[in-house]
Amino acid sequence: MERARFAHQVAEKRRLIKQYKMERERQQKLEEEEEIKRLRKELIPKAQLMPYFDRPFIPRRSKKQPTVPREPKFCIPRHKTIKCCRMSCNDMSGPSRLQHLPSSVEKAEALYQQRGQLKEEQLMKKIQKLVGEEEKLRMPIAQGLPWTTDEPKCLIKPPVKKNTIPIDLKLHSDIRAVERARFTHQVAEKGRLINQYKMERERQQKLEEEEEIKRLRKELIPKAQLMPYFDRPFVPRRSEKQPTVPREPKFCIPRHKTIKCCRMSCNDMSGPSQLQHLPSSVEKAEALYKNRILQ
């Protein structure tokens, strides 16, 4: 049963794999056909317009004014610009403060530099932290002595276990293999006995046929046939018998059937005129029956 179930599972799995492959090939073919159709539609040769020979193309200068380059404006939030301005104003002293106010480009550059420095500092801190953690993991920490003893004690070794002896496992597959070998041997022995029985039967049949042929050869001895009479040849003659005279058949009907038929016909018919139309066969039968009784 397990072997049959396993074979059924393998066959079902193969069928599903084959079905999946066929479905995948079909989808691939459909996609290829759609792609070919799309390319055919796109690559349809279109008729090109004929150039105007009477009006040739002459390039002309554009009437638009050339673009004037402008200084870029970096958008900085208002609170940051106010903060930067206040810091710069506090740093400067005297009437020359207004002369050294930073422009928008300088402010943006200063902000970018500050942000870059902060990012670099954060990255360096992160790297240092990772390196320290790796060094800690590399350094083995020794276990200290207990507080009660100053010198280490030699601990008693645990008893050594004996080596485990492996047990001879009996797998189900090995048992099945032995049973299968026994079954195949029985099938082969049965087939050999059947072939031997057939050969013996054919040999007996051949011997019986040979004996029958020998017996028939002894019994069926060919005998000489009589010679015909050449001095008295056979001449067919016409028969002297009279030809047969045909007679009218006499159908004998039993009495109970004739009486029953007469009663049924009399009950069905009504009036004196219908009695004259009785069948002649019934009358003949009744007359014959009466004659026989009288005799």
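This is a predicted model: local features need pLDDT of at least 70, side-chain atom pairs count only at pLDDT 80 or more; totals for chains, interfaces and linings use all residues.
1. A search of the whole structure finds zero aromatic pairs. For such a pair, the ring centres of Phe, Tyr or Trp (its six-membered ring) must lie within 6.5 Å, with planes under 30 degrees apart counted as stacked, over 60 as edge-to-face and the rest as tilted.

2. Residues are numbered from 1 along each chain as its sequence is written, and side-chain values use heavy atoms, leaving out hydrogens and water.

3. The secondary structure consists of six helices and zero strands, giving the pattern α-α-α-α-α-α along the sequence. Both element types are DSSP runs numbered from the N terminus (helices: H or I, at least four residues; strands: E, at least two).

4. Of the 295 residues of the chain, 3% count as buried. The classes are buried (under 20% relative accessible area), exposed (over 50%) and partly exposed (in between), with a 1.4 Å probe and protein chains only. The accessible surface of the chain is about 32800 Å², and carbon and sulfur atoms hold 58% of this area. Accessible areas come from the Shrake-Rupley method with a 1.4 Å probe; for residues, only the protein chains shown count as cover.

5. The count of salt bridges comes to seven, each being a side-chain nitrogen of Lys or Arg within 4 Å of a carboxyl oxygen of Asp or Glu. As background, side chains of opposite charge can pair when their charged atoms come close.

6. One of these salt bridges joins R38 to E35, with 2.3 Å between the closest N and O atoms. The two residues are three apart in helix α1 (residues 2-42), so about one helical turn separates them. R38 is partly exposed at 37% relative accessible area, and E35 is also partly exposed, at 36%.

7. In helix α4 (residues 172-219), E200 and R203 are three residues apart, about one turn of the helix. Their side chains meet in a salt bridge with an N to O distance of 2.5 Å. The pair is also recorded as a polar contact of 2.5 Å between side chains, a term for N or O atoms within 3.5 Å; within protein, one must be able to donate a hydrogen and the other to accept it, and residues adjacent in sequence count only if both atoms are side-chain atoms. E200 is partly exposed at 38% relative accessibility, and R203 is partly exposed at 43%.

8. Helix α4 also holds R215 and E212, three residues apart, about one turn of the helix. Their salt bridge has an N to O distance of 2.2 Å. R215 is partly exposed at 36%, and E212 is partly exposed at 36% as well. A network of salt bridges links E212, R215 and E219.

9. The charged end of R232 sits over the ring of Y229, 4.6 Å from its centre. The criterion is that NZ of Lys or CZ of Arg lies within 6 Å of the ring centre and within 35 degrees of the ring normal.

10. L123, M124, I127 and V131 make a nonpolar surface patch of about 360 Å². Of these residues, M124 is placed in helix α3 (residues 104-138). Patches consist of residues with over 30% relative accessible area and no salt bridge; like charges are joined within 9 Å, and nonpolar side chains (Val, Leu, Ile, Met, Phe, Trp, Tyr) within 5 Å.
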